[in-house]
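Trainee: Please take a close look at one part of this protein for me. I would like to understand the disulfide and what surrounds it.

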Amino acid sequence: QVQLVESGGGLVQAGASLRLSCAASGRSVSGYDMGWFRQAPGKEREFVASISWNGGRTNYADAGKGRFTITRDNAKNTVYLQMNSLKPEDTAAYYCAAKTSVRGVYDRWGQGTQVTVSS
């Protein structure tokens with residue numbers, strides 16, 4: 001089983017940057033597509049970004065295009081989300097997820113890391 005642990009969240013001012021990390025354990029995630037999601041209080045969880053198993057394909061929600069970058073280091077079994085020019089509306093709990101099943105859905109999730117952006 002894959003376990004995912006996010007880190008790197010915190011309280012920052014608008015315009016600042018943060019880099020979130022998602023460290024996987026239990027088995028290698030090098031063969032899995034990975035994604036980042038976020039959930040703000042009172043809102044549904046929403047997609048932020050995804051990356052294919054080899055890093056060759058990335059996808060972003062409109063909210064993060066041009067500001068967020070998802071990368072992965074399969075040697076370290078870790079996925080990253082670089083977030084620049086943060087806005088108060090980026091405030092949310094950020095979750096890492098992996099597609100480990102043949103169904104092609106995100107079926108393994110981390111516990112989340114909180115990002116709070118003050119204005």
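Mentor: **The disulfide and its setting**

Of the 119 residues of the protein, 42% count as buried. Buried means under 20% relative accessible area, exposed means over 50%, and partly exposed lies in between, with a 1.4 Å probe and protein chains only. This is a predicted model, where local features need pLDDT of at least 70 and side-chain atom pairs count only at pLDDT 80 or more, while totals for chains, interfaces and linings use all residues. Residues are numbered from 1 along each chain as its sequence is written, and side-chain values use heavy atoms, with hydrogens and water left out.

The protein has zero helices and 11 strands. Helices (H or I, at least four residues) and strands (E, at least two) are DSSP runs, numbered from the N terminus. The radius of gyration is 13 Å, close to the 14 Å that the globule rule gives for 119 residues, so the protein is as compact as a globular protein of that length. That radius is taken over C-alpha atoms, and the rule is 2.2 Å times the number of residues to the power 0.38. The C-alpha trace spans about 40 × 25 × 25 Å along its principal axes.

Now the link itself. A disulfide is a covalent bond between the sulfur atoms of two cysteines. Here the criterion is a pair of cysteine sulfur atoms within 2.5 Å. By this rule the count is one disulfide. Cys22 and Cys96 form it, with their sulfur atoms 2.0 Å apart. The link of Cys22 and Cys96 is left-handed, with -75° about the S-S bond. Cys22 lies in strand β3 (residues 18-25) and Cys96 in strand β9 (residues 92-98), so the pair ties together parts that are 74 residues apart in sequence. Cys22 is buried, at a relative accessible area of 1%. Cys96 is buried too, at 0%.

Next, a neighbour of Cys22. Asn77 sits in the loop between β7 and β8. Asn77 counts as buried, at 14% relative accessibility. Leaving out residues up to four places away in sequence, Asn77 touches Cys22, Ala23, Ala24, Ser25, Arg27, Ser28, Val29 and Ser30. Contact means heavy atoms within 4.5 Å.

β4 and β9 pair in the antiparallel sense over six bridges. Two strands pair if DSSP finds at least two bridges between them. Met34 has Ala98 in β9 as its bridge partner. β4 also pairs with β5, again in the antiparallel sense, over five bridges. There, Gly35 has Ser50 in β5 as its bridge partner. β4 and β5 form a hairpin with six residues between them, and Gly42 in the turn has a positive phi of about 80°. β4 is mostly covered, with five of its six residues buried.

Last, the core. The largest nonpolar core has 28 residues, and those with the most contacts inside it are Met34, Trp36, Leu81, Met83 and Tyr94. Such a core is a set of buried Ala, Val, Leu, Ile, Met, Phe, Trp, Tyr and Cys residues joined through side-chain atoms within 4.5 Å. β3 and β9 are among the elements that give two or more residues to this core.
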